[in-house]
Every structure is written in structure tokens, then in C-alpha cells.
Amino acid sequence: MSKPEIVERYIRMAQAAGTDVECVSGAELPGRLAELLGAVNKPPEIAALAASGWPEGLRETVEAVLVSSGFEVTMPRKEQGGYSWDRDRLAAASVGIVWCERYLADTGSLVLASGPGMGGLATLLPEISIVLSDAKGCLEDLADFFRQMEGAPPSRITLVTGPSRTGDIEATMTKGVHGPGKVAHFLLL
Amino acid sequence: MKSSHNFRKASASAVADEVLGAAVGKTADLLFSMRAAAVAAYPGFEELRDWGRSRKMEVSGDLATFVRRFSDRLEAAGGAAHFARDAREAVEIVTNIARGLGAVAAVKSKSMTAEEISLNEALPEAGVTVTETDLGEFIIQLAGEKPSHIVAPAIHKDRAQVAALFHETLGSAPGLDVGDLVRVARKALRERFLAADIGITGANFAIAETGTIAIVTNEGNGRLTSALPAVQIAIVGIDKIIPKLSDLPGFLRLLTRSATGQAVSSYVTVITGPRRQGEEEGPSELHVVLLDNGRSPLASGPFREMLHCLHCGACLNSCPVYRAVGGHAYESVYPGPMGDVLSPLLWGMDVYADLPDACTLCGRCAEVCPMRIPLPEYHRKLRVLRAGLKGEAAAWKAEAPAILTQHPLLYRTALGIMRRVLSLGRRLPDGIRTGLPGAWTVCRELPHPREGPDFRSWWEKRKSCHE
Amino acid sequence: MKISLLLTCTADLLYPASARACVNVLEAFGVEVAFPRLQTCCGQPWLNTGRLAGARRLALHFLDVFEEAETIVAISSSCADTVRNHYAELFPDSPVLRDRFEAVARRTYEFCEFLHLVPGVKEMPAHPHPVRTTYHSSCRTLRGIGLRGVAEEYLEQMFGADFVSLPENETCCGFGGSFSVKLPELSGRLLADKLKNVSATGALQVASLDLSCLTHLSTGAERLGLKKIRFFHLAELMAGALT
């Protein structure tokens, strides 16, 4: 459904905003992920992983790569009232990995819609945020997203465009003030 | 009530402060040029401004209905809507919620509306410590100061001042560079985020159709403040309402380009009610305090379009006065051109009588305002309003010279005398330099007429030669 | 083509040479100039301080003097701006007066704008005394009249490589009418910034189309001891090039 030129535009815009974007096949993903995780030193580290939203089998693949890279994995746990994070382990995580259904070419933004176990906080608290999407999930812009949305909006929609940044001291752009300093986005072909 | 302040005195001491001038000028210039570049790169921006204005006109034309619609939809989504007529009521609502929860710690993401009601001063009295989480606001809070820009609150401080402040208050090593200072703040603030019972935010937009609020930040502190604590309280001026969710993309384009020259900020959080069944992110209670505080009367008056202000700060960055003095000289939450107009309207002409004069009528703010608010015209209108408050005697005193000027002969005679006086130049006694000439000569010499005959004599002579 | 000259009180009081130059330049391009002698001040000081009764008096006096004029050319931008953009709104309750003021507004030009639009002057001859020159484009010229780039083009034709544009040319010089005396310290700071930019160009003369800005800049330069820089209405430099 996404035309190649809008995906190209997404890549250009996202990179301009400071997101690292990479297109990979399903077969290449574990290797590339392991490479990226290998750069995070001093294991054992904790990785925060979304529990829901993933296409069939992908969460297990990612989890396996994390474990083999020396990470402990924390996920929102399902209890009777619904999902909840182990706050301490989430706060200690150095990497967060989630699935993202839609992303926007116009601004190079990820669109994270809330839902049980979707793990949005994993894109916010850790220093490194890794996001996986289907390459076909690209939309033109936010208006397009709203048009396709069925019914009432979810409790939260978060647009993420590049890393957390601040210019509050002498307008010097600095990354990673509250959220991640690095955002890596894998587009699955 | 605050006593009437003296902008001349405050601005005179601000222009004498070189660190301040350099810091404000540097950041404002940068923001100004980033805005210009972002607008130039977006071909439809002028049409988008017209569109945005017309959407806001719809709201300001029927404000009460939109406020009601927003609160109905918010409640339908599971949130709680509260109305506050003024600052006191708003503070009361917030402190009551905090007391009811037995809360002890709140984190706050930047909100000028919360500044407007002095929430930070009131919460400690209710037993709640508040931590500002926007880096600029955090710096200001540590320094015990007030923000001096509505988007970049610590614009008046340079990096050396921030390093010294962190060293003193947070015990970090002296002389850190910007990157290290940011890491120090991250660590200190992360602990506060995790420990907070309440997250206090503002909102950049409140969407009537769906009861949604949107929070825009670059740092992610707005997102953390609204996602981690169990309770979120958003303080939202009723001027923040836009009609529909489908309006949000257009307003975001206008806001972020005007504020920081970005196509979009790093984080836009669009919140519709509290967390839902089964979800692990977001507050379980969402309160929205809808603040009037002098706004609704504006809708039916001559300053209606002030309700359209997006609080983007573009007018501040464009303003020669703001750039020279920074925000504190205005002694108001809202500085710069939008503040010159809003402060007297919200808090009284008696308090802010001199702010309408803090403007050269250069017109640059109107060029950059995304909502096309006629800010220079509003400054003029406030001057008219103020003149009207000064009474008959003052009005007559101001009109008398106009009567004289209206009569060609009297005008020419007066001008002739002035010309002769000014021609004396340096031979004029010092005693003349009081009042108007005194103010003029603070930074200039008195003007002297150029050499040669005056134009009228030349014209007559020339005409008689031609005839 | 016949025009009526709006002298402006600033030129009347301080800048006779600028006014003479305007007349000479207009005539050099075949424009017949009339000078309605009963004119006084356009009323800006009242308009800008919110004293509308005074502003209305002078607007009505202007109408008396100029309503019959075919075309009106003002020597200074801010006065042209007042006539064009502010008179009509002084009479919100009188549609008749509004119409009359709007009609006059449509026939009113700033001097340089007029040359450019009406006789359509495209070319200025080279100036016989090339001196490094810069241009202060006042706020009212830019944002009131909406004239951008025209004066600069004429200056470039007259001075060639000796014309240098002024950094931060769109920033206010800090005059601002009543602002200059209500907040003189601040006005002085903006003035000093503007003159710093002038000095940086190395220019020995500054041209402008707004006489109020020129008064502020020249008396400020005198205070700061910038003795070598001279300030002119653009017409004076044009007159020099045309003789």
C-alpha cells in the first residue's frame, strides 16, 4: 500500500530528524539487531520489550536475539487488571524495543498508538530505542492517519520524531535529555 | 494585587546587562532564522496561516459552546473536566485533587498557563513538592527565578551560569559543558519522574470534537509527565481549543515551524482520556482544568484575536524590544509583543499601563505570527484605551497641540520658532534638555535643521522666478 | 503627470534639502509638482499615542488640503503609511468619511515607490562622486508601504560596487515615534546596534526613505562620535546623480 517514493521520503525526513533508519529483510533482522545490541557495552543489561502488537512470531525472534546478546528481558506482564510494567526493571533498561504499525513520510515520525501491552514506555525511558515496522506501514502524514483511524481515538497517540532533544541552554541542540538519545528504526521488507 | 510596574526602569537596567543581552539576542536570532528557513521550505505556509486563523475564528466566535463540547467529550472519554473562572479557583481545584490523593510529589512539564496561576507557589502549601522537568524550567526553578521566554524559559542564561548553578544546587563538577549539564539534569529528573504521584502538564491544543489534549515537547518531558504518574492534571486555557481532531495536523505544522523552525517537535502526545482497560501506560485519572482567567470577555471585544495565540513565541523572537531586554523586564508571565497586549487585558491596564509602549510599531511580529494576530494594531488600540482612562484634562492637553497644528498659520509660526531654536545647536542652554528634549538627548543630540533656506521659502522664491 | 507633494512636518522643520531634492528628481522625470501650502502634519504623533481626537483633526485637515489632488507623493514613508493605512479606520462610524479617506489613500504614494510605479523609472545614472553607501530600509517602508528592493536597486545603479547592503536590514532602528522618548535607554540600545551595523559596512553615507529614522540615526551617530558618516534622503543622492 505504501508507494516506494513515500517510504524514501520517510527515510529522508526521519534521518534529518536524527532517527537511524534501515531497511532489512526478515532473514537479515536478527543479525542486524545483534550487531546493534553488541554496541551496547557492559552486559548484563536489561531490555524492555513490548508484549503486544507484534506480527506472528516476531516478538519471540527479537527476544531470542536479546537473550543471546546477553540481555535480560522485561515486558509488560499480564495480570488480571491488564498489563503492567515492573517499574524498577523498566527504569533500569538500557534498550527498549517495540513494534510500530504506522509511520509518517511528511515529518519522519513514528506513530505509537496505545493499547494493552503495546509497551510505549519502552520507547521513552531507555537510552536506546529500537522500533520495528513493516515497510508497508508508511502513511503520507498525520491527516492520513486520522482519516484511516476507525472510531474514537485511542487513549494516547504519540508521534516520535528523532531522539529526545533540548535547546534550552544557549540553543545548543543536545540529544537524550529525558528520552532516548538514539532511535533506530528497522523497516521490514 | 501587583503594583504598577515601571518598564522604562526595568528595560534600562536590562539593556545595561551585557550577558543578558548577548544570551537573549543569540537564541532569539537563532530561533528567528530557523523559523524563517522552515517557513521558506514549506510552500503552503501563507495559506495555512489563513486556514488556522479561520479555524480559530470559529472557536472564538462561539467560545462557550466549544468549551462545553470539549468538556462533554472529555468526560465521555473518562476524564474529569473542571472549570476555573480565575487563578484562585484553578489553584483550589488542583490543590484539592492533590489533597484528596494524599500526594506528596508532583512533576510538571512546562506550562505557561500553570505559571499564570502561580501553581508552583501554591502546591507546597498543600504538602506537594513540585519539580519542573523541562530543562529550561528546571534551571529557572533551581535559580529561584521566573521564565523569561514562553518557549525557551532560560534564554537569559548562558552555559557558564547554568554550570555554576548546577554545581551549587546539584553538586555537579564545576564548569561542565552543555552535553554534561544535560546528563546531570537527566539523572536528577529521572528519579523525580519515577517517584511522582501527580503529573502536571499544560496542553498546546484541546480538541473539542473528541475531548483530546495534545502536548508538544522536544525533550519528552511532556510525555513522561503524562505517562508515568498515576494522576495527570492538565491546566488548559480555554483559548487552546480547536474544533476537530482533523485540525490538529495543520495546527501542529503552524506551531512547531513558528516556535522552533521544526517540521514537528520530537514528541507529540495526543491524549484522549485516562489509560483504558488493560493498558499499562498513562494515568488512571485525567483531570483537565479549563482556565478562563479573563479570556472569555476577550471573545466579544476588540482584542478577540488574542484568543487565537498559539503561544509559539515567534513574536518574541522577532521583536527588537524583547531581544534587547529579555523577558523579565516585562514582569509578566507573558513577555514580548503578545505579552504587551495580553498582560494589560488579563490583569488590568492599571498594573501594566506602560506595556503598550514597549513597542516601536515596527510590525515584524505581525509578519511572523502564525495566526496573523494584528499585534501592532492591538498595541495602538491599547494606547487609545489607556488615553481614554486618563480623563478630560489629559485629553484636552493632548488635543490642544493638534488644534494648533491644524491651523496652517499657527503651525508654520510654531515650526519657525522651533527651527530657530534648534538652529542654535550647541549654543542652547542645558536647561532646555528636560522633558521631551531631555528624554531625546538620553542617547542622541538635539536635531539641527539642515543648511539652506526652509522649503517653503525656497518654493515661493522658485515659483516667483518661474513666473 | 501632476502630483501634490506631502512635505511632512519633519522635512518642513529639519530637512529642506531632502524636500528640494524630491522636487528636483520628480521634475527630472517629467513629473509636475504642486505644493499645497496649507498642509501641516499628518497627525502621527497623536495616532501613535492613542490620542484619536487629535489624530482625527489632522486627518480631516489633510483631507481638506489634499482631497482634490490627483496624486499625492509623501517624502517620508511613515507619513505615507499613515495616510494609506490608518486614516480610514479613524472614522469607523462614518462610511462616507471612510470612503473619502480610502479614495485618497489609493492615490497616495511614498516618493521612491511613486518613481518606481508611476513614471516607471527603471534606471538611475551613475553618481559622479562614488562613495561607499548603505541603505536603511525603515520598518514603515518595508511593512507599511511594502517597498522592498527598489531603493536598493536604484542605489546599486548609482553607486555600483560602492553600494553595500546593511546587515539586519529588516530590524527596527529603535525610533518608533513616542517610543524614542518614552523608553530612551532602550531606543538608544537599538540605535547603537543599528549604527554598529552601519559602521561594519564601512559606509560613509546612509540613505533612507524615512526622515524620522534619519533624524534618530544622525543625532545618535553624533552622540556616539561617528563623525564621518552622513545621512541622506534617497532623493538627495538621486538628485546628485541626475545633475
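R253(B) and D106(A) make a salt bridge (a side-chain nitrogen of Lys or Arg within 4 Å of a carboxyl oxygen of Asp or Glu), with the closest N and O atoms 3.1 Å apart. The pair crosses between chains: R253(B) sits in helix α12 of chain B, and D106(A) in the loop between β7 (102–104) and β8 (109–113) of chain A.

This is a predicted model, where local features need pLDDT of at least 70, side-chain atom pairs count only at pLDDT 80 or more, and totals for chains, interfaces and linings use all residues. Residues are numbered from 1 along each chain as its sequence is written, chains are lettered from A and ligands numbered from 1 in the order in which they are written, and side-chain values use heavy atoms, with hydrogens and water left out.

## Exercise 1: Who touches whom

Work out which pair of chains shares the most contacts.

Step 1. Take contact as heavy atoms within 4.5 Å. There are 2 pairs of chains in contact, and chains B and C share the most contacts.

Step 2. Check the remaining pair. No contact joins chain A and chain C, and their closest C-alpha atoms lie 20 Å apart.

## Exercise 2: Chain B against chain A

Describe the interface of chain B and chain A, starting with how many residues each chain brings.

Step 1. Chain B brings 64 residues and chain A brings 54 residues.

Step 2. Now the buried area, meaning the accessible area (1.4 Å probe) that two parts lose on being put together, summed over both. Here that comes to about 4,800 Å², with carbon and sulfur atoms giving 56%. R186(B), R223(B) and E280(B) supply 16% of the area that chain B buries against chain A, more than any other three residues.

Step 3. Look for charge pairs. Side chains of opposite charge can pair when their charged atoms come close. The rule finds 5 salt bridges across this interface. K26(B) pairs with E170(A) in a salt bridge, again with a closest N to O separation of 3.1 Å.

Step 4. Find the main contributor. Helices (H or I, at least four residues) and strands (E, at least two) are DSSP runs, numbered from the N terminus. On the side of chain B that touches chain A, α10(B) has the largest share, 9 residues.

## Exercise 3: Chain B against chain C

Step 1. The contact takes 68 residues from chain B and 69 residues from chain C.

Step 2. Together they bury about 6,100 Å², 58% of it on carbon and sulfur atoms. R444(B), R450(B) and F455(B) supply 13% of what chain B buries against chain C, more than any other three residues.

Step 3. The rule finds 12 salt bridges across this interface. R8(B) and E185(C) form a salt bridge, their closest N and O atoms being 2.8 Å apart.

Step 4. On the side of chain B that touches chain C, α19(B) gives the most, with 9 residues.

## Exercise 4: A crossover in chain A

Work out which way strands β2 and β3 of chain A run, parallel or antiparallel.

Step 1. Strand β2 (residues 45–49) and strand β3 (residues 71–74) run parallel, joined by 4 bridges. A48(A) has T74(A) as its bridge partner in β3(A).

Step 2. Follow the chain from β2(A) through helix α3 (residues 58–68) to β3(A): this β-α-β crossover is right-handed. That is, with the strands pointing away from the viewer, the path from the first strand over the helix to the second runs clockwise.

How values were computed:
Two strands pair if DSSP finds at least two bridges between them.
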